[in-house]
Amino acid sequence: TGMITIDPGFKNTGSCESAITFLDGEKGMLRYRGYAIEELAEKADFLEVAYLLIFGELPNKEQLNTFHEDIKAESQVDEEMKKILDGFPKSAHPMGVLSSLTSALIAFNPTSVNISSEKDMYHSIVKILGKFPVLVAWTMRKKKGLPLDYGDDNLGYVENLHKMMFKKPSKEYKCNKIIIDALDKLLILHADHEQNCSTSAVRITGSSHAGLFVSLSAGISALWGPLHGGANQAVIEMLEGIQKDGGDTHKYMAKAKDKNDEFRLMGFGHRVYKNFDPRARIIKKAADEVLEDLGIVDPILDIAKRLEKVALEDPYFVERNLYPNVDFYSGIIYRALGIPREMFTVMFAMGRLPGWIAQWREMRLNHEPIGRPRQVYIGETYRPFKPLEER
Ligand code: CMC
């Protein structure tokens with residue numbers, strides 16, 4: 001009660017206290033639980049980072065091993081889930097499929113709804129960490145018309161994800177360390193980003209004490225949009241469009257600046273980062289390295305670099321502090337790894353999973369109240385009802 005302040009887009013409104021991710025938009029700084037993103041991307045693997053985000057500390061060997069074993073014990077999904085997937089047309093966007101499958105999981109794991117102890121919470125967490133990579137892989141296999149399969153518990157978490165995505169029937173699976181390392185790095189860079197749109201969706205959904213899986217499904221839906229996670233697919237489509245159109249980056253810059261044109265430079269700008277996005281720096285370097293290591297020459301990378309250069313020198317972009325964000329170069333790496341563009345945002349969701357889980361867990365452990373913003377009503381005052389014949 002009292003004065004209600006309106007803050008569209010919550011640009012200056014904090015929704016919670018959090019001890020998970022620190023982000024300094026002026027300095028371009030990002031830390032998970034106090035650890036710098038640059039160091040984590042270089043030295044940690046995705047599962048360690050997941051543990052760190054969720055439980056607050058880097059695991060020792062034994063903790064990591066137990067965590068991984070508990071996850072592996074949950075790496076099967078109910079066979080009936082295949083029928084649900086089967087019901088989708090092949091043309092369905094993988095993000096819609098993933099969000100639906102994640103919701104559907106609850107029907108086969110009903111005990112995951114009532115979370116009354118940290119033990120229950122832990123069970124739900126390892127369950128979803130076990131099953132989500134299967135859903136991600138199946139979503140892609142459906143798109144590619146490949147048979148659905150399960151993973152291999154002898155592999156590391158990310159390698160197993162890769163195998164489930166790419167294993168060809170009746171062919172032996174071989175992995176390339178460069179690819180697994182690149183995937184690990186991308187997933188780590190996406191793993192958390194404090195109270196962004198999808199994370200806020202997860203926290204607010206969970207604040208009604210809806211279960212973890214459906215809260216995550218809400219997060220996946222929020223991530224889908226092109227202003228958020230969907231930007232990585234939009235970037236590649238934009239770069240391909242520029243390439244087809246003769247490679248004239250200046251023309252697209254003019255479109256992006258034109259206020260009568262809806263077009264925005266995808267992969268540019270960020271709500272919080274106003275000097276640079278530290279993730280974009282790491283990804284740009286990784287894109288160069290991965291393409292070189294794999295011996296791929298992608299003309300799209302060249303267009304991206306030219307576009308970045310033009311934008312960084314343009315007064316419109318300089319005045320508005322618009323820099324490449326995490327999504328600008330990530331799609332180029334995904335492409336090099338053979339991941340279809342409609343799967344890019346699904347890969348973002350895979351990376352963001354531990355962050356969403358950590359944020360949901362923190363919200364529940366802090367006993368946060370239900371999220372329920374207010375409004376200022378600007379509609380009609382009282383009007384007497386008019387019967388249908390008189391309208
Ligand atoms: N191209 C052209 N103009 C832009 C862009 C862009 N990419 N981004 C912002 N602007 C302009 C905007 O038109 C506005 O201009 P003016 O002051 O003249 O009205 C000004 O810059 C401020 O923009 P805003 O929309 O008020 O900023 P915001 O904080 O609400 O939006 C954003 C942030 C990321 C949604 C936006 O920059 C954008 O749409 N970028 C393109 C989509 C994208 O790359 N999204 C990925 C974000 S990072 C990863 C993630 O969150 O998933």
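Student: At what angle do helix α11 and helix α14 pack?
Tutor: In this predicted model, helix α11, which covers residues 231-244, packs with helix α14, residues 299-312, at an angle of about 95°, and their axes lie 10 Å apart. The two helices are therefore roughly perpendicular to each other.

Student: Which residues make that contact?
Tutor: From α11 the contact takes Leu239, Glu240, Ile242 and Gln243, while α14 brings in Pro299, Ile300, Ile303 and Ala304.

Student: Switching to the ligand, how many residues surround it, and which are the closest?
Tutor: The ligand is surrounded by 20 residues, and the closest of them are Ala231, Arg264, Gly269, Arg271 and Asn325.

Student: And how does that shell divide into nonpolar, polar and charged?
Tutor: The shell around the ligand holds eight nonpolar residues, eight polar ones and four charged ones.

Student: OK, what about domains, where do they run in the chain?
Tutor: According to the domain assignment, domain 1 is made up of 30-226 + 340-365, and domain 2 spans 231-336. Taken over C-alpha atoms, the centres of domain 1 and domain 2 are separated by 27 Å. Where the domains touch, domain 1 contributes 17 residues to the contact and domain 2 contributes 20 residues.

Student: Which elements of domain 1 give two or more residues to the side that touches domain 2?
Tutor: Those elements are α1 (37-43), α8 (177-189) and α17 (344-365), and the largest share, five residues, comes from α8. On that side of domain 1, the residues that touch domain 2 divide into eleven nonpolar, two polar and four charged.

Methods:
Residues numbered from 1 in each chain as written. Predicted model: local features only at pLDDT ≥ 70, side-chain atom pairs only at ≥ 80, totals over all residues. Axes fitted to C-alpha atoms, helices over the stretch in contact; angles between N-to-C directions. Helix = DSSP H or I, 4+ residues; strand = E, 2+ residues; numbered from the N terminus. Parallel < 35°, antiparallel > 145°, perpendicular 65-115°, else oblique. Contact = placed C-beta atoms within 7 Å. Near = placed C-beta within 6 Å. Nonpolar A, V, L, I, M, F, W, Y, C, P; charged D, E, K, R; others polar. Domains from an automatic or database assignment.
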